[in-house]
Amino acid sequence: MIITIGIQAGRGMSTSTELARLLQLASPTLPVGAFSYSQGLEAAVEAGIVHDRASAEQWIGEVLALSLARMEVPILVRLIAAWGAGERATVERWNDDFLASRETRELRAETVQMGYSLRALLVQLEDATPLEAIDEPSFPVAFAYAVVRWQIDAHDALIAYLWAWLENQVMAAVKAVPLGQTDGQRILLALGSRLEAVADEAESLDDDALGGYTPGLALLSSCHETQYSRLFRS
């Protein structure tokens, strides 16, 4: 079975139904377990690198610019296009590439668990046979499938994906540093203004230009796998 729904080419205002679906995908109540992961942020707090609002904003902003903008979101762009064209082999290729790009065991386990959870949800909500055919879907693969299945504008979907990631990072910082809620909102305001540019960059990159570079994150994530006391799974 192949998805035959095409992706909207323009960047027009989403309809009310599309907007509702978009908000549903980006909601922190989406039952995929995102709240249980910090993606290395907790280890950065343990190491004293992140210790207040300014350092949390810098850490999250650098991961946004050096990892998501250069690898994860450009792959999401390609996954949305592949699902829209019904090209399952291309979906599997980019899924494999994304899984291979996860630098540590816990980061790989995170995207696999969230991908599995979103797939299970979509199967319960409606037919998701093409997604079920992917042996080990990463979270971007399942997210991209939902975007196409629900006919959400591709560019809007990138912004929502980035916002969901950013909100989860800020929530993790509020708990782990800890920060006050107002400081969390300040970070969201500051970094949220960058999401349009990040999405634009992700859409413009050629395949040969893909590649995140966050060695510090990789090292801290490795340390986090054996960290004695922790709140988060990554």
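Modeller: Helices here are DSSP runs of H or I with at least four residues, and they are numbered from the N terminus.

Biologist: What makes the phi of Gln39 worth noting?

Modeller: Most residues other than glycine have a negative phi. Gln39 is not a glycine, yet its phi is positive, at about 55°. A second case is Gln151, a residue other than glycine with a positive phi near 55°. Gln151 belongs to the loop between α7 and α8.

Biologist: Why is Gln39 called buried, and how is Gln151 classed?

Modeller: Buried means under 20% relative accessible area, and partly exposed lies between that value and 50%. Gln39 has 18% relative accessibility, so it counts as buried. Gln151 has a relative accessible area of 45%, and therefore it is partly exposed.

Biologist: How do you know that the buried residues of α1 line one face of the helix?

Modeller: In α1, which covers residues 16-26, the buried residues are Glu18, Leu22, Leu25 and Ala26. Viewed down the helix axis, the buried residues of α1 fall within an arc of 90°, so they line one face. The face turned away from that buried side carries the exposed residues Ser16, Thr17 and Leu23.

Biologist: Against which helices do the buried residues of α1 pack?

Modeller: Their partners are α7 (139-149) and α8 (154-176).

Biologist: Why is the pair formed by Trp83 and Tyr145 called edge-to-face?

Modeller: Ring centres must lie within 6.5 Å for a pair, and planes over 60 degrees apart count as edge-to-face. By this rule there are 4 aromatic pairs. For Trp83 and Tyr145 the centres are 5.1 Å apart and the planes stand at 80°, so the pair is edge-to-face. Trp83 belongs to helix α3 and Tyr145 to helix α7, so the pair ties together parts that are 62 residues apart in sequence. Trp83 is buried because its relative accessibility is 3%, and Tyr145 is buried because its relative accessible area is 1%.

Biologist: Which residues have the most contacts inside the largest nonpolar core?

Modeller: They are Trp59, Ile80, Trp83, Leu118 and Phe143, in a core of 74 residues. Helix α3 (residues 53-84) supplies the largest share of this core, with 15 residues.

Biologist: How do you know that the side chains of Thr104 and Ser221 make a polar contact?

Modeller: The limit for such a contact is 3.5 Å between N or O atoms, and the side chains of Thr104 and Ser221 are joined at 2.7 Å. A polar atom of the Thr104 side chain also lies 3.3 Å from the backbone nitrogen of Leu107. Thr104 sits in the loop between α4 (88-101) and α5 (105-125), and at 6% relative accessible area it is buried. Apart from neighbours within four places in sequence, Thr104 is in contact with Ala218, Ser221, Ser222 and Glu225.

Biologist: Where is the pLDDT below 50?

Modeller: The chain averages a pLDDT of 92, and 94% of the residues score at least 70. Over residues 1-10, however, the pLDDT is below 50, although this stretch has 26 contacts in the model beyond near neighbours in sequence. Where pLDDT is low, the predicted coordinates should not be read in detail.

Conventions. Residues numbered from 1 in each chain as written. Heavy atoms only, no water. Helix = DSSP H or I, 4+ residues; strand = E, 2+ residues; numbered from the N terminus. Buried < 20%, exposed > 50% of the residue type's maximum accessible area, 1.4 Å probe, protein only. Polar contact = N/O pair within 3.5 Å; in protein donor to acceptor, adjacent residues only side chain to side chain. Contact = heavy atoms within 4.5 Å. Arc of directions from axis to C-beta. Core = buried A, V, L, I, M, F, W, Y, C linked by side-chain atoms within 4.5 Å. pLDDT = per-residue confidence, 0-100. Phe/Tyr/Trp six-rings, centres within 6.5 Å; stacked < 30°, edge-to-face > 60°.
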